[in-house]
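Visitor: I have a model open and would like to go through a few local features. Can we start once it is on screen?

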Amino acid sequence: MAKKTFREALKDGPLVFDGAMGTALQRLGLEPGGCPDELNLKNPELVKKVYKEFKEAGSDIFTTNTFGATRPKLKEYDLEGKLIEINIAAVKNIRAAIGEDGFVAGDIGPTGHFIEPVGDLDFDSAVEIFKEQAEALKEGGADLLIIETMMDIKEMRAAIIGAKTTGLPVVATMTFDQSMRTILGTTPEVWAIVATGLGVDALGANCSLGIEGLYEALSAMSAVTNTPLIAQPNAGIPELKGKETVFPASPEEMTEFVPNLVAIGVRILGGCCGTTPEHIRQMGADFRSLQVEPRQPKNFTALASRTSVTCFGGELAPITIGERINPTGRKKLAQEIKDHKTTTICRETKEQTEAGANVLDVNVGVPDIDEPAAMKRAVFAVNDNTHLPIVVDSPNLEALEEGLKAVDGRALINSVSGEEEKLDFVLPLAVKYGAAVLGLTIDDEGIPPTAEARFKIAEKIMNRALAAGLRKEDLVIDCLAMTVSADPQGAVTTLAAIRMVKERLGLSTTLGVSNISFGLPSRESVNSHFYSMALHTGLDSAIMNVKNQSMMDSYHASLVLLAHDAKAEKYIGRFKDREPGAAAATTEEKAEPVTIQDKLIRAVVDGDTEHILDFVEEALADGWEPLVVGNEGLILGLNEVGRLFAANIYFLPQVISSADAVKKAFARLKEEMKEDGGPKLGKVIMATVKGDIHDIGKNIVCTLLENHGFEVIDLGKNVPTEKIVEIAKEQKVDIVGLSALMTTTVMEMDNVVQELQKAGVPATVMIGGAVVTQEFADRIKAVYGGEATAAVDKMKEIVGQRSVSDGAKSAKT
């Protein structure tokens with residue numbers, strides 16, 4: 001009898017992964033440092049021993065020792081030339097250890113780089129990096145691919161797209177902290193919606209949290225997807241006992257929680273850091289014995305930004321799609337798009353968000369421009385200025401693709417139609433990038449005059465979409481509003497078509513409302529009444545001017561009448577501050593900041609790299625000293641960014657955008673200062689400790705410190721202790737900042753502290769990283785940094801206290 005494929009086995013019942021490779025290798029005597037992936041070539045017998053233990057424990061799936069075997073990671077050890085050899089050997093080692101039973105999962109981890117604009121890696125390059133490793137793992141004989149421990153949703157999207165080119169099944173997991181977000185602010189729901197759209201075979205979470213924390217994350221995922229879930233928890237939150245990292249959760253404690261995971265849809269169970277063969281043995285036995293309950297279907301359309309989701313269709317409340325990022329009839333916006341500027345786009349993004357939009361349509365269709373590049377710029381700008389998902393709107397296929405690469409979450413494509421050429425080209429883009437699709441009821445013969453004919457086109461689009469690999473939930477149909485001044489039956493036809501599509505096909509619907517009133521007086525009245533009628537008919541979304549008060553009043557009134565606004569709370573909230581009898585109006589644009597200081601602060605908070613130099617020049621021309629510009633404008637702006645970050649209103653991408661704006665401003669101010677660039681707040685060394693090659697967090701802190709006026713000496717990653725001590729002593733630094741992400745390298749921080757003390761270096765030591773805790777910092781007599789903006793604030797306090805102390809000493813002298 002032929003062996004089942006992974007997909008067949010997943011459909012038949014629960015599957016058990018192995019546990020922690022790193023924990024097992026350390027237990028078997030592996031010393032920290034060096035490239036773990038190279039063990040596949042240098043010490044294959046040690047690696048095989050781990051797999052044999054997990055096979056005896058009952059694992060069905062075995063993960064290759066290739067977490068860091070992408071080109072950028074191997075380059076850290078000058079091993080990029082052995083990429084194919086290492087990945088192939090990793091698969092062969094598993095087969096040699098377990099025989100032909102079980103499945104080999106080719107393991108793919110992060111590159112260590114953020115995708116642009118947050119980082120320096122472009123999306124296409126990221127896809128190629130992951131594709132290269134995936135192909136090598138497939139060549140070695142992997143049965144499936146697992147992408148794990150990702151923190152950047154855009155990097156994860158690139159990894160899935162690259163991995164799926166192999167045709168192998170893809171399982172993918174992200175890692176979340178105790179706030180139920182990734183370092184870039186992504187929630188479990190966002191991740192599940194993105195992964196489902198991309199068509200992974202299973203999705204879930206691993207690392208960072210114990211089994212209880214993973215249950216919370218997976219419960220949120222289960223609410224928005226029916227894709228099988230995978231859980232790979234740590235054996236609790238790591239603790240440092242003496243000089244040893246200990247994962248406290250016993251096999252018995254973790255096994256007690258397994259029924260909760262099964263109840264929410266977990267079909268694959270494994271372990272991450274600290275999980276031993278005994279953990280897998282006990283959890284796996286209980287996991288296999290439990291009855292699986294069918295999950296409720298999710299018949300709604302789901303879109304996502306990097307940090308939030310918007311769901312509509314089915315029985316859910318209708319939503320609004322803001323239409324104002326569109327240059328049609330708007331000369332100023334069209335000119336800005338030609339000039340590569342995004343000022344109006346950023347403003348419209350914020351104003352539509354504040355006006356109550358649920359999704360934003362992005363269109364940059366201006367003649368004689370590079371539309372793909374313009375779309376990329378626009379989507380980046382929208383990403384940075386709202387938490388809302390995006391509709392990528394263009395008839396230009398290259399522009400559509402650039403927009404789909406640029407989005408952080410899951411977009412809606414505007415649009416496909418019943419035209420053959422559109423169907424042939426747009427649907428594959430939707431499948432590749434995991435997008436939903438807006439379908440126009442128009443075909444090669446034009447817009448049909450009857451509701452039945454438009455329904456037939458919707459049905460054709462649906463069938464082609466399903467054949468291409470999309471789901472019904474991925475399709476949103478626009479039955480097209482035709483102007484009633486030209487066709488008196490136009491509104492009736494559109495409403496009938498909406499009803500047919502909803503009732504007979506079960507698809508989500510949308511509509512561009514305003515065309516209905518073209519050529520008539522008092523268009524707002526016609527638009528708002530027609531909109532209310534369409535909502536009652538079953539319309540799920542509308543592309544509209546959300547800044548128009550009359551339209552939004554109709555929307556909120558309809559939510560109450562259609563029982564989508566419990567106790568009319570949203571409706572009452574909308575009207576509570578409005579004067580009785582006040583006429584409907586279009587929302588006014590916000591007043592621009594008046595003073596130079598306000599302009600500087602707003603530019604920093606908004607990450608406005610386009611205009612910040614204009615405001616700096618204005619301040620200098622007005623007689624401001626460069627230091628005053630920095631301290632009374634830029635630094636105050638950064639302080640506000642820090643407050644927003646601490647309140648979970650801003651996330652890392654906004655922090656980095658603000659830092660980029662400040663960096664640009666300070667570069668100009670330095671031209672006005674002396675050769676040394678003016679006084680510095682303090683001198684700081686930053687380094688990732690010996691044996692650790694992770695530096696994303698450290699690099700973020702470095703950028704923020706420079707912008708706050710510190711002189712930063714960045715020693716990089718995997719820095720020997722003796723080098724840190726030598727530079728700290730030579731440069732007479734105020735603070736030594738140390739970073740470590742791995743449990744195997746965190747104790748090197750203690751060694752650095754001790755060596756600095758022996759050398760008589762008076763600098764304060766601050767430590768940070770995913771495994772670092774306040775308790776550990778206290779134990780080794782260091783300052784706990786925490787997240788990036790908090791670390792900067794603490795460093796400012798340290799140098800401030802030191803300045804006071806030095807001043808007191810000078811006074812005594």
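Guide: What follows is a short tour by questions and answers.

Visitor: What are the ground rules here?

Guide: This is a predicted model, so to speak of local features takes a pLDDT of at least 70, side-chain atom pairs count only at pLDDT 80 or more, and totals for chains, interfaces and linings use all residues. Residues are numbered from 1 along each chain as its sequence is written, and side-chain values use heavy atoms, with hydrogens and water left out.

Visitor: OK. Where is Ser508 found?

Guide: Ser508 is in strand S19, residues 508-510. Helices (H or I, at least four residues) and strands (E, at least two) are DSSP runs, numbered from the N terminus.

Visitor: Is Ser508 buried or exposed?

Guide: Ser508 counts as buried, at 5% relative accessibility. Buried means under 20% relative accessible area, exposed over 50%, and partly exposed in between, with a 1.4 Å probe and protein chains only.

Visitor: And what does its side chain make a polar contact with?

Guide: The side chain of Thr301, at 2.8 Å. A polar contact is a pair of N or O atoms within 3.5 Å; within protein, one must be able to donate a hydrogen and the other to accept it, and residues adjacent in sequence count only if both atoms are side-chain atoms. Leaving out residues up to four places away in sequence, Ser508 touches residues including Phe312, Leu475 and Asp540, where contact means heavy atoms within 4.5 Å.

Visitor: Switching to rings. How many aromatic pairs does the structure hold?

Guide: Four. Rings of Phe, Tyr and Trp (its six-membered ring) pair if their centres lie within 6.5 Å; planes under 30 degrees apart count as stacked, over 60 as edge-to-face and the rest as tilted. One of the four is Tyr215 with Phe257, edge-to-face, at 5.4 Å centre to centre and 80 degrees between the planes.

Visitor: Which parts does that pair tie together?

Guide: Tyr215 lies in helix H10 (residues 211-222) and Phe257 in the loop between helix H11 (251-256) and helix H12 (258-263), so the pair ties together parts 42 residues apart in sequence. Tyr215 is partly exposed at 27%, while Phe257 is buried at 19%.

Visitor: Why is the pair of Tyr531 and Tyr555 stacked?

Guide: Because the ring centres of Tyr531 and Tyr555 are 6.5 Å apart and the planes are at 15 degrees. Tyr531 belongs to helix H21 (residues 523-537) and Tyr555 to helix H22 (residues 549-561), so this pair ties together parts 24 residues apart in sequence. Tyr531 is buried at 0%, and Tyr555 is buried at 5%.

Visitor: Which ring does the charged end of Arg504 sit over?

Guide: The ring of Phe455, 4.0 Å from its centre. The rule is NZ of Lys or CZ of Arg within 6 Å of the ring centre and within 35 degrees of the ring normal.

Visitor: How are pockets defined, and what about cavities?

Guide: On a 1 Å grid over the protein atoms alone, a cavity is a set of points where a 1.4 Å probe fits but cannot get out; a pocket is an open set with protein on both sides within 12 Å along at least five of seven lines, and lining residues have an atom within 4 Å of a point. Grid points are joined across faces, edges and corners, and a volume is the space filled by probe spheres set on the points. By this rule there are five cavities of 30 Å³ or more. The largest cavity has a volume of about 70 Å³, and helix H9 (residues 188-198) gives the most to its lining, with four residues.

Visitor: Backbone next. Which peptide bond ending at Pro117 is cis?

Guide: The one from Glu116 to Pro117, with omega near 5 degrees. The bond from Asn414 to Ser415 is also cis, with omega near 20 degrees, and Ser415 is in strand S16 (residues 412-417).

Visitor: What about the phi of Thr149?

Guide: Thr149 has a positive phi of about 60 degrees although it is not a glycine. Thr149 sits in strand S4 and is buried at 16%. Cys207 has a positive phi near 60 degrees, and Cys207 is buried at 14%. Most residues other than glycine have a negative phi, and most peptide bonds are trans.
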